[in-house]
Amino acid sequence: MTKLAASEAGEHPPSYIIFLVVFLFFLTGLLGFLICHLLKKKGYHCRTGDLEDEKEKLGEDGKWRRQMKESVFNFVVQSKT
């Protein structure tokens, strides 16, 4: 029986594929962690989301950005109607 005929017969793919996919995700996460660690040594800051402390540091500039985002959002919403 050929591979094509076997796949059409309803056989499941090999179970080791799931281990390969999990291993690749693990390697991707590890690589991201190592890159972040190297960047921290050089003085950069890695973060995964907005932090409240960062928003407080922005001050007036942060307020201006927020107002600009709100005005663009309102413009887009109004232009669609």
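Visitor: How many helices and strands does the protein chain have?
Guide: There are four helices and zero strands, and along the sequence they follow the pattern α-α-α-α. Helices here are DSSP runs of H or I with at least four residues, strands are E runs of at least two, and numbering starts at the N terminus. This is a predicted model, where local features need pLDDT of at least 70, side-chain atom pairs count only at 80 or more, and totals for chains, interfaces and linings use all residues. Residues are numbered from 1 along each chain as its sequence is written, and side-chain values use heavy atoms, without hydrogens and water.

Visitor: Where is confidence lowest and highest?
Guide: On pLDDT, the predictor's confidence in each residue from 0 to 100, helix α1 (residues 3–8) is lowest with a mean of 56, and α2 is highest with 92. The chain averages 76, and 65% of the residues score at least 70.

Visitor: What span is expected for α2, and what does it reach?
Guide: The expected span is 1.5 Å times one less than the number of residues. With 26 residues, α2 reaches 38 Å from first C-alpha to last, close to the 38 Å expected. Just after α2, G43 takes a positive phi of about 105°.

Visitor: Which feature does UniProt place at residues 16–39?
Guide: The unreviewed UniProt entry lists "transmembrane region" there; positions follow the numbering used here, names are shortened, and annotations may be inferred rather than shown by experiment. In the model, that span is 100% helix and 0% strand, with its end C-alpha atoms 35 Å apart.

Visitor: Why is L24 called partly exposed?
Guide: Buried means under 20% relative accessible area (1.4 Å probe, protein chains only), exposed means over 50%, and partly exposed is in between. L24 has 47%, so it is partly exposed. L24 is found in helix α2, residues 16–41. Across the chain's 81 residues, buried ones make up 4%.

Visitor: How large is the accessible surface of the protein chain, and what share belongs to carbon and sulfur atoms?
Guide: By the Shrake-Rupley method with a 1.4 Å probe, where only the protein chains shown count as cover for residues, the surface comes to about 8,200 Å², and 65% of that belongs to carbon and sulfur atoms.
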